[in-house]
Structures are given as C-alpha cells and as structure tokens.
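Please look over the sequence and the model before reading on, and keep both in view while working through the sections that follow.

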Amino acid sequence: MEFNGLPLHALVVHAAVVLGPLSALAGLLYAFVPRWRDVLRWPLVVMAAVAVGAVWVAFLSGEQLEEANTYGGPLAALVETHEERAGILRISMTAFALIAFVAAWWHSRTGPVRAVMSGLVALSAAVTLVYVVLTGDAGAQIAWYGVEG
C-alpha cells in the first residue's frame, strides 16, 4: 500500500509514534493526578482510540511491506526484532485503550475499584510507552541501516 509514492507504513508510523506516547502520558497523569481525572477522562479515551488505530494500521502495513520485500543478513535480524516488538506493542496498546475506556466508564466509582483501575491504567500505559520506544528504535535502525556505515 502506497500513498503518493510512499509506503503507507512510513506515513502512519508517525501517528503511532506521536499518539501512542501522548495517550500513555495522559493515562499516567489520569492514574497519578486525581484532580486531573475529570479533565483527562474522555480526551484519554479519544487519544487512546486514535493511537490504537494508528498502531494497528502501522502493524498491518508493516506486514505488507515486509511481504513485498526480501531482507537478508543483518537487515533481516533488524526486521525480525522490529516485527516482534510491534506485535507486543499492538497487544499492549489495544489493552491500554480498552482499560482506559473502562476506567473512563467507571470514572465515578470509588474505593478499591478506582484504585485497581488507576493501577491498570498506569501499568498498561507504562508498558505501552516502553514498547512504543523499543519498536520505534528498532524501526529507525532499519531505516538507517547502511546509511551510517
């Protein structure tokens, strides 16, 4: 899949790299700054929904890009690492988005339910943030392979 001559993956990955961390940071603020929960509630859900869509499109377009190309040697290992991390990111971002929605839906709950939901939001946001960085780094190594050497 291409858009104006560029692979779709190269375009959509930027949305995932920007919106993934932004939604994860909003999730961490939602979890750890109680006075901001009311303000962040629905923006968090919207950002997470758009980010999960971007991550899925990036994942699927990356699969198509890999199928359309042949990689060998050290580049094949870089692609494999990127693909493995992208698979984990896809799962973690999806889980984070679902947890953020449930937390927003149960926003008025108090006590243990709120504590558990805040903990789940924070944990899933942290995992998502880590895997956006790891996946993006692996993708950047592919993009710059052979340029610096």
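## Overall make-up

The protein chain in this predicted model has a secondary structure of 4 helices and 2 strands. Read from the N terminus on, its elements follow the order β-β-α-α-α-α. Along its principal axes, the C-alpha trace of the protein chain spans about 55 × 30 × 25 Å.

Of the 149 residues in the protein chain, 36% are buried. The accessible surface of the protein chain comes to about 8,500 Å², and carbon and sulfur atoms account for 70% of that surface.

## The start of the chain

Met 1 is found in the segment before strand E1 (2-3), and it counts as exposed because its relative accessibility is 59%. Setting aside residues up to four places away in sequence, Met 1 touches Leu 6, Pro 7, Leu 8, Ser 61 and Gln 64. Met 1 and Val 132 are separated by 131 residues in sequence, and their C-alpha atoms are 23 Å apart in space.

Pro 7 belongs to strand E2, and with a relative accessible area of 26% it is partly exposed. Apart from its neighbours within four places in sequence, Pro 7 is in contact with Met 1, Glu 2 and Leu 65. From C-alpha to C-alpha, Pro 7 and Thr 81 are 20 Å apart in space, while in sequence they are 74 residues apart.

## Helices H1 and H4

Helix H1 has 25 residues, and the distance from its first C-alpha to its last is 36 Å, which is close to the 36 Å expected at 1.5 Å a residue. The buried residues of H1 include His 9, Val 12, Ala 16, Gly 20, Pro 21 and Tyr 30. What covers the buried residues of H1 includes strand E2 (6-7), H2, H3 and H4.

Helix H4 has 32 residues and reaches 46 Å from its first C-alpha to its last, close to the 46 Å expected at 1.5 Å a residue. Among the buried residues of H4 are Met 117, Val 121, Ser 124, Ala 125, Thr 128 and Val 132. The buried residues of H4 pack against helix H1 (8-32), helix H2 (37-68) and H3.

## The nonpolar core

Which residues touch the most other members of the largest nonpolar core? This core has 24 residues, and those that touch the most other members are Tyr 30, Leu 44, Met 93, Phe 96 and Val 121. At least two residues of this core are supplied by each of H1, H2, H3 and H4.

Phe 96 can be followed through its own contacts, again not counting residues up to four places away in sequence: Phe 96 touches Ser 23, Ala 24, Gly 27, Leu 44, Ala 48, Val 121, Ser 124, Ala 125 and Thr 128. Two of these partners, Leu 44 and Val 121, are also named among the core residues that touch the most other members.

## A residue in helix H3

Is Val 79 buried or exposed? Val 79 lies in helix H3, and it counts as buried because its relative accessibility is 9%, which is under the 20% cut-off for that term. Leaving out residues up to four places away in sequence, Val 79 touches Glu 66, Tyr 71 and Ile 142. Val 79 and Ser 92 are 13 residues apart in sequence, and they are 20 Å apart in space from C-alpha to C-alpha.

Trp 42, Phe 101, Trp 105, Trp 106 and Val 113 together make a nonpolar surface patch of about 520 Å². One of these residues, Trp 106, lies in the loop between helix H3 (73-105) and helix H4 (112-143). Trp 106 counts as partly exposed because its relative accessibility is 35%, and a residue needs over 30% relative accessible area to be part of such a patch.

Note on methods. Residues numbered from 1 in each chain as written. Predicted model: local features only at pLDDT ≥ 70, side-chain atom pairs only at ≥ 80, totals over all residues. Heavy atoms only, no water. Patch = residues over 30% accessible without salt bridge, like charges linked within 9 Å, V, L, I, M, F, W, Y side chains within 5 Å. Areas by Shrake-Rupley, 256 points an atom, 1.4 Å probe, with all protein chains shown as cover. Salt bridge = Lys/Arg side-chain N within 4 Å of Asp/Glu carboxyl O. Buried < 20%, exposed > 50% of the residue type's maximum accessible area, 1.4 Å probe, protein only. Expected span 1.5 Å × (residues − 1). Contact = heavy atoms within 4.5 Å. Core = buried A, V, L, I, M, F, W, Y, C linked by side-chain atoms within 4.5 Å.
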